[in-house]
Every structure is written in structure tokens, then in C-alpha cells.
Amino acid sequence: MELRNRVLYCSLYAVAVLLCCSDVFAGDIVHQDDVAPKRPGCDNNFVLVKVPVWVNHEEIAEFVGVGARFGLTLESKEKRANQTRVALADPPDCCSTPKNKLTGEVILVHRGKCSFVTKGNVAEAAGASAMLIINNEKELFKMVCEANETDVHVGIPVVMLPQDAGESLKQNMKNSSVSIQMYSPQRPEVDVAEVFLWLMAVGTILCASYWSAWSAREAAIEQDKLLKDGSDEFLSNDNYGSSGFVDINTTSAILFVVIASCFLIMLYKLMSLLFIEILVVVFCIGGVEGLQTCLVALLSCFRCFERFAESYVKVPFVGAVSYLTLAVSPFCITFAVVWAVRRRDSFAWIGQDILGIALIITVLQIIRVPNLKVGTVLLSCAFLYDIFWVFVSKWWFHKSVMIVVARGDGSGEDGIPMLLKIPRMFDPWGGYSIIGFGDIILPGLLVAFSLRYDWLSKKSLKTGYFLWAMIAYGLGLLITYVALNMMDGHGQPALLYIVPFTLGTLITLGKKRGELKHLWTQGEPDRPCPHVQLQQDEQ
């Protein structure tokens, strides 16, 4: 009963996990905009700008603004950025010549009614060294040149601050001397977080594949024993109940795209703090189940725990549960609850990754692709799904739906929990490098299938398919991170690169070795019936 319940639960939860984001990103610091095309004098990228603030020579805060399409470009190094005093504009919107004299100060202005370029020209003519514009909303706004403006060559940096940051600056300026720096640091080409995230993803699939293959081999050995003994036990048990695994079929693979898309739209439309809290609860339940399954399987390998793993007690509403499961459950529940309560702490990503990896391994061990045909349908659908919701969705929703959901925009949270994440250690902007569960689970199903086939076929590592599938996945994910850095941190659909590598490798190898038809339809090697083998041995 315990195994059957676990299979039912993990089947349902696997669907929920796969519906969630399948994406890799590091956070954007450079924003492209095709709506506001570039032209001479108005051709800057929209970059994020750090604005540290000093009050009476003591640093008290650091705000983040966005640079304008026009104006002087900012320094990228903090040590090269000048610390400059801030002055309030009079009139506040700086649409006309300021009444106060400026001698190189940074002028702080409100949006007002005139254009941003007009403000920049007025401020430069008045003697300002830079201009900070306070937005009339909490969000940042991309400052562009108007189509009818001719004099767009502004010679000072122009940066916009969100409303709350601007009001805080104004408040501090009432009775104190306020000065600021403005600089836009660049991200490193490669951050060590991406290396560790790559190792985590590859290592997770590696562990899950070996566990899945070992389970399949043990099940095959047990099946052969039952057939040799002429036992009716094998015939009386259906495959679902005896094996404890769930095979995906082509119908469920196709339905995945439809259901996943509906779920993603629901997340996009209903994204809020409450909805994130619900996802946290669901993630914790799945994480507890995954962590419990992995710990029980690991501890069962030791002789001192073997007896507890094979002894069962009946629990109301649950069924038969091993004593070892009962022993580890309190720890798993406590671990998940502590993470949920402290998930906003700087170190909470460790707990999230542990729960996530345990859940992914458990899903990959129980949910299986029976043959290459199903794997091709599943990954092809996921390939199209990923591309559509990262890139094409911008045409209908004006935003990338997948990236908005992954980041948890509008929820007040730091993204949804169905992600593996590592803080960017050498990035001046901080943040996290992340990878969605779907980028590991979906190709992981195919990689695990290849190892099961190799073991049941008794193929070596070199002559089998697993080694090449594993290398293909690693290369696909590596290319994803290369594309991520080339796109200045803009989110990338990882399956766009991973699927052609993994699926293409298996299909090419299978065709070259003359085993493609067997992989496509059966997914298992032909095994002679033990009764036939026994008769041949007797003769």
C-alpha cells in the first residue's frame, strides 16, 4: 500500500512540477527595446544603475535606477564614479531654467509634463553634472527620445529612480547634505554559480538514472525468478501494482503541453503573494515525500537499517508504512517547515535545492519513459512549449510569460519555489542563477531510459547509450549558459538547446547501430522466456 500510494502521489505531483517553469536566467541588467528604435544621440542601452547615497558623509542606502536611451554613458567601475552632491530642481520638473545656480551638482527632478530630453538639455545648460528623475510610480520607466525631437545630444548622464527612492532622497535633503555616486557595473562573463548549477543538474540526473536502472534490473531479476519457479504470483499481479512504476504514454505526453499551458496562464494571471504561498505548501509536501523516499532508499543500503526498512506497521488513512519511513518522516517534515518559514533568509536556497533535488530524483525513479517514441513525443512537445512561452508569448501578453512566472513578478516574493537556485557569488548585482525543474526532469526521463536499456541489454558504458546521452545533456545545458551570457542575462528556454542534443544523439546512435526500431517501439531488449532457457539447459 505504501508503494502504491507513493506512486499515485508522485504521478500527480510530477505533472504539477512539469507544468512549472522550464527556464534558465540570471536577471537582466541590459534591456533591449525594439519599440523605441535607436538613432544618433539616442542609442544607449537601457542599463540598470547603482546609486549609493551618503548623508552627511555617511553611506545610508543604495538605490537602483535605469539609464536613459540618451545622455552620457555611465562608468562601470565604482572606484571611477565621482561622489557628487545632490541639489533639488527649482522648478521641480526642470522644464525651464532652474532658479538655483548649479556648479556640477546632480540635479533631482520630477517627471513633470515636458519630455525627458528637454529636461536633460535644461539641466546641462544650467551646470548640472547629471540628472536624477523621480518617477511617479514605484516601477522604473524607460526614458526614450520623442519622434519629433531634433536636439537629442545630451552631454550628462540621465537616470530614473522609482518613486519611493526619490522621495527618500528628498526627505534626507531637507536638513542634511546628500551626495551620490552613479555607476553601472557589468556582470562577469562566467559566474561560479553557473558552474555549480550545471554540476547540480547533471549530478541529479546521474543519480536518478542509476537508481532507476538499478530498480529496473532488480524488477527484471525478480520477474525471471517468478517465471522460472512457475509461480502464479507474477501472473496475478498487474504491472502497476507489482513494479511501482508509472510509464508515460504518447497521449499523456501530448496532453502535457495543453495542461501545462493552461496552468502557466493561471499562474501568470493569478500571480500574488497568496498564490506563491500555496505553491510553497505544495512544494513542501512534494519535498517531504521526495526527501523521505531518498533517505529511506539510502539508509536501506546499510545492514543496521535493513530490518527496519522491511518491517511494516499499519497507519490509519495511509496504510502499511515501514518503521524506517516513520523514523525519517519527522526530520523531513521539520526540514520542509523550517525552510518554508525561513525561505526569505539569505541561506534558504540551500534548503530549497535539497528539497528540489530529492523530489526530482524521486520523480525520475518512479515516472518512466517506456520507449524512444514516447520520449520523442514528450520532449518535442516540451521543446515547442518552452520556446512559445519564453519568446512567442511576448506578442500576445507583451511579456515573457515563463520568465514572469519564474521570477514571481507582482507577488512580492523572490520567484516560485519550483527552481534550483544558487546565489551569483562574484556578480556585483547579486541575484541568483536558476534552472527550472522541467529542464532537469524532462530530459532526465530520456537519459534514465537510456541507462535502463543499457543495463537490461548488458551493454558496456562505451557501447551503450547512457554515456552519450549524459554528455549530450551536459553540452546542451552548457550551450544554454553560453547563450544566457551572450544575451546579457535574459532568460533562455533551456530545452531549446537541451532537446536537440539529447534526443538527436539517441536517435542518431540508434540508427547508426541498427537498433532504432527496437528503441522506438519496445524500449527493452528481447529476453528469452526462462522456461525456454530451462528446457534448453536440460537438453
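1. Let me start with Thr-362, which counts as buried because its relative accessibility is 1%, and burial here means under 20%. Thr-362 sits in helix H11, the run covering residues 348-366. A polar atom of the Thr-362 side chain lies 2.8 Å from the backbone oxygen of Ala-358, so if you look at Thr-362 in your viewer, remember that this residue is buried at 1% relative accessibility.

2. A word on the whole before more detail. This is a predicted model. The chain holds 18 helices and 15 strands. Of its 539 residues, 49% count as buried. Among contacts with a separation of 6 or more, 75% join residues 24 or more positions apart.

3. Now for the nonpolar cores. The largest one has 87 residues, and Ile-435 and Tyr-473 have the most contacts inside it.

4. Tyr-473 deserves a point of its own. Not counting residues up to four places away in sequence, Tyr-473 touches Ala-201, Val-202, Ile-205, Ile-435, Asp-439, Ile-440, Pro-443, Ile-498 and Thr-502.

5. How many cavities of 30 Å³ or more does a search of the whole structure find? The search finds one. The largest cavity holds about 40 Å³ of space. Its lining consists of Leu-372, Phe-449, Ser-450, Tyr-453, Tyr-465, Leu-506 and Leu-519. By class, that lining has six nonpolar residues, one polar residue and no charged residues. Helix H14, residues 438-457, gives the most to the lining, with three residues.

6. Last, a look at Phe-426. Is this residue buried or exposed? Phe-426 is exposed because its relative accessible area is 61%, and the cut-off for exposed is over 50%. Phe-426 belongs to the loop between strand E14 (419-423) and strand E15 (432-436). Leaving aside neighbours within four places in sequence, Phe-426 is in contact with Pro-188, Asp-191 and Val-192. The C-alpha atoms of Phe-426 and Arg-187 are separated by 8.5 Å, although the two residues are 239 residues apart along the chain.

Conventions
Residues numbered from 1 in each chain as written. Predicted model: local features only at pLDDT ≥ 70, side-chain atom pairs only at ≥ 80, totals over all residues. Heavy atoms only, no water. 1 Å grid on protein atoms, 1.4 Å probe; cavity = no way out; pocket = protein on both sides within 12 Å on 5 of 7 lines; lining within 4 Å. Points joined across faces, edges and corners; volume = space filled by probe spheres on them. Helix = DSSP H or I, 4+ residues; strand = E, 2+ residues; numbered from the N terminus. Nonpolar A, V, L, I, M, F, W, Y, C, P; charged D, E, K, R; others polar. Core = buried A, V, L, I, M, F, W, Y, C linked by side-chain atoms within 4.5 Å. Buried < 20%, exposed > 50% of the residue type's maximum accessible area, 1.4 Å probe, protein only. Contact = heavy atoms within 4.5 Å. Polar contact = N/O pair within 3.5 Å; in protein donor to acceptor, adjacent residues only side chain to side chain.
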